[in-house]
2 protein chains.
Amino acid sequence: MQNFVFHNPTKIIFGRDTIASIGPETKAWGTRCLLVYGGGSIKKNGIYDKVTASLQEAGVAIIEHGGVQSNPLLSHVREGIDRVRHNEVDVVVAVGGGSVLDSAKAICAGAAAAHDVWKFFSGKKSVKAALPLTTVLTLAASGSEMNSGMVITRDETREKFGFGSRHLYPKTSILDPETTYTVPKNYTAYGAVDAIAHVLEYYMTTEDPATPVQDRLMEGLILNAMDSCERCLADPRDYNARADLMWTATLALNGLTGAGLGRVGFPMHMIEHSLSALYNVAHGAGLSVVIPGWLRWHSAANPDRITHLGSRIFRFDAQHNEPTSSQTIRKLENWFARVKSPIRLSELNIPDEHIPAISDNAVNLARFWRLDQYTKDTIEEILSLCR
Amino acid sequence: MQNFVFHNPTKIIFGRDTIASIGPETKAWGTRCLLVYGGGSIKKNGIYDKVTASLQEAGVAIIEHGGVQSNPLLSHVREGIDRVRHNEVDVVVAVGGGSVLDSAKAICAGAAAAHDVWKFFSGKKSVKAALPLTTVLTLAASGSEMNSGMVITRDETREKFGFGSRHLYPKTSILDPETTYTVPKNYTAYGAVDAIAHVLEYYMTTEDPATPVQDRLMEGLILNAMDSCERCLADPRDYNARADLMWTATLALNGLTGAGLGRVGFPMHMIEHSLSALYNVAHGAGLSVVIPGWLRWHSAANPDRITHLGSRIFRFDAQHNEPTSSQTIRKLENWFARVKSPIRLSELNIPDEHIPAISDNAVNLARFWRLDQYTKDTIEEILSLCR
């Protein structure tokens, strides 16, 4: 096990009828909030009304900043920062999924800086302070509700970059599984894929596989993501299924799985970011295409971790033979297909001849994340296994 | 899944050569510390020198308060509180295992109150504030390093009572697995038993067994406590084994396992506390006696959770028949015996005729913890299964 620091100060309020806590939890940090949300689905399903009523009752004035898109854009973040400054906002409230929460984090960091917010993403500046953030989560997927990371796409260059800072943990995140009842089936599956991908990145790229405590935790999270996703798809209003998936996705990327693993990379996310940035693919849909291809590429030199995972999470034949890495990858891929998440670039309508251009885009992030082994040729090779 | 709030603000610094962080981590909270420790083993193994050097280098003045016993005493806590007041202490530093950390927490709470500290334990007062606490852990067992609980024994009445408050999370806990190299084999095993017991209390007494995420986490922790303990006993200086056991014990009682389970009881601890209080038995040694007896008693009406646990953590016959609850209990009991933790009251030199007196003591804590189904007769019945 490698040395680590674990310090996750986010307060989680989890369960039914918890949205009414957003007012008092926000009031602890100020009296004027920027309310960040997405395309307006929260106005249809009643969540917006609950949030604004609670904020108003607590005496928190609301400055609106709706319209966050999936694969959220830098330009919209910059508008949010301007709004914070012009309205003397004390605290940011994010209501939505990972895109909304990440946009809110970028606004929190950018509003406290004298320079443009993209300098954090390009690595030219580090976060020294940030506005406080409270959140109401409406999608089980990104884990942003209990971590310090964020991902934003720069409109002009189609760069989808991410980074983290200890200043960006939400102060409080409210997770009411009932808010996810209306998430469509495809996005429910994409959320589960995202949670699985987060765990797999750590599991596969650890520099120290002697971490049995973390292994069991990660294997359990993958099993639960798969199981709870299937139950959500069978009955979208199954409270326990929605709750299991929501808490699983949070635990998948709150720092616990990675504690003790040493340096890890996020190569599958790195490649998927280019799919999202160039084709505006849903993040989870891109991941279920990249994961099997990356695993096939990885297994050529490193089959053992994949085999180990398979022996822990899948049942194979009755003779208890150890599975091969290719059997494990096929089982995982079959599961993605079963929940109707795409597994081939062609399903995303991305033609093979675009692979060089995607690799060109991805290699920029590889350099920024210091994933030096991922040259343009290597990324092309991996993408060719995603066809 | 039941509603829950999870908010664990403790910063964990984990790994080799991390003790030197205690100075700066403590300096963040003040310039005069009370240094709480036990019988002086930390002076023999060099930990005391490392801690005091780091504190002095950071400019933190040290007021000594050594001599904490296992099953720590209220009288010694009261002396610590006096020392805090007479020396204008800002922050408490605990260096040791659970007894030392719990004593330090009681001092932190008592020093910030105008009344006697036992009023917290007897339920007459609640904690409104506490001095900040930093810790250096030297035993993998209690989980006190990352939770808000504590247990103290009142000398005059032999009551071993415990409670928690959100003010009592340590600010920072430093966990260097190398500090546990010199823990004797019996206490290494008792620590693993304690971690297993913490998980079992939640696992068995949950009011909502529909918590598959938490189940996998708990099953993984039990498996890892057993596996890493065996590796520590085989080679006490196996770094990874010590690290695995240490982090497992921390995760076993930091709030994660219980999040979503609703109200749980700690009946096995409740009964064990009387063994410790009356006979000064090592906590883990008492637990390995109580656990199999309590499970046998519990399985008469509730075999299913025990069977479920068995199917998850033990391998039974090749035909994959579901294990019975009694097979599961026997496997667990055999494991306690294998690591030489006692499994019968007679091994603790407690004669059968003392059972009524032990029950008399235990029923007080049962009332305080509102475990109303545990009458004196019931506790006698359970203890009779521990013979």
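Reader: Where is B:Ile63 placed?

Author: B:Ile63 sits in strand E4 of chain B. Helices (H or I, at least four residues) and strands (E, at least two) are DSSP runs, numbered from the N terminus. This is a predicted model, where local features need pLDDT of at least 70 and side-chain atom pairs count only at pLDDT 80 or more, while totals for chains, interfaces and linings use all residues. Residues are numbered from 1 along each chain as its sequence is written, and chains are lettered from A and ligands numbered from 1 in the order in which they are written.

Reader: Thanks! Does B:Ile63 count as exposed, partly exposed or buried, and why?

Author: B:Ile63 counts as partly exposed because it has 18 C-beta neighbours inside 10 Å. A residue is buried if 20 or more other C-beta atoms lie within 10 Å of its own, exposed if 12 or fewer, and partly exposed in between, with C-beta atoms placed from the backbone.

Reader: And what does B:Ile63 touch?

Author: Leaving out residues up to four places away in sequence, B:Ile63 touches B:Arg32, B:Cys33, B:Leu34, B:Leu35, B:Arg83, B:Asn87 and B:Val89. Contact requires that the C-beta atoms of two residues, placed from the backbone, lie within 7 Å.

Reader: Which sheet is E4(B) part of?

Author: E4(B) belongs to an open sheet of 7 strands with mixed pairing, in the order E1(A)-E2(B)-E9(B)-E6(B)-E5(B)-E3(B)-E4(B). Its edge strands are E1 of chain A and E4 (61–65) of chain B, each pairing on one side only. From one strand to the next, the twist averages 20°. Two strands pair if DSSP finds at least two bridges between them.

Reader: Oh, a strand from chain A! How does E1(A) pair with E2(B)?

Author: E1(A) and E2 (residues 11–14) of chain B pair in the antiparallel sense over 3 bridges. In E2(B), B:Ile13 is the bridge partner of A:Val5.

Reader: And which strand of chain B is joined to E2(A)?

Author: E2(A) is joined by 3 bridges to E1 (residues 4–6) of chain B, and the two run antiparallel. There, A:Ile13 has B:Val5 in E1(B) as its bridge partner.

Reader: How many residues are in contact between the chains?

Author: 31 residues of chain A are in contact with 31 residues of chain B. On the chain A side, H8(A) gives the largest share, 8 residues. That side divides into 16 nonpolar, 10 polar and 5 charged residues. Here Ala, Val, Leu, Ile, Met, Phe, Trp, Tyr, Cys and Pro count as nonpolar, Asp, Glu, Lys and Arg as charged, and the others, Gly among them, as polar.

Reader: Switching to helices: how do H11(A) and H13(A) cross?

Author: The axes of H11 (residues 283–301) and H13 (residues 325–338) of chain A come within 10 Å and cross at roughly 180°. That makes H11(A) roughly antiparallel to H13(A). Angles over 145 degrees count as roughly antiparallel, under 35 as roughly parallel, 65 to 115 as roughly perpendicular and the rest as oblique. Axes are lines fitted to C-alpha atoms, for helices over the stretch in contact, and angles run from 0 to 180 degrees between N-to-C directions.

Reader: Last one: which residues are buried in H15(B)?

Author: In H15 (residues 376–384) of chain B, B:Ile379, B:Ile382 and B:Leu383 are buried. They cover an arc of only 95° around the axis, which puts them on the same side of H15(B). The arc is that of the directions from the helix axis to the C-beta atoms. The buried residues of H15(B) pack against H10 (267–279), H11 (283–301) and H14 (355–368) of chain B.
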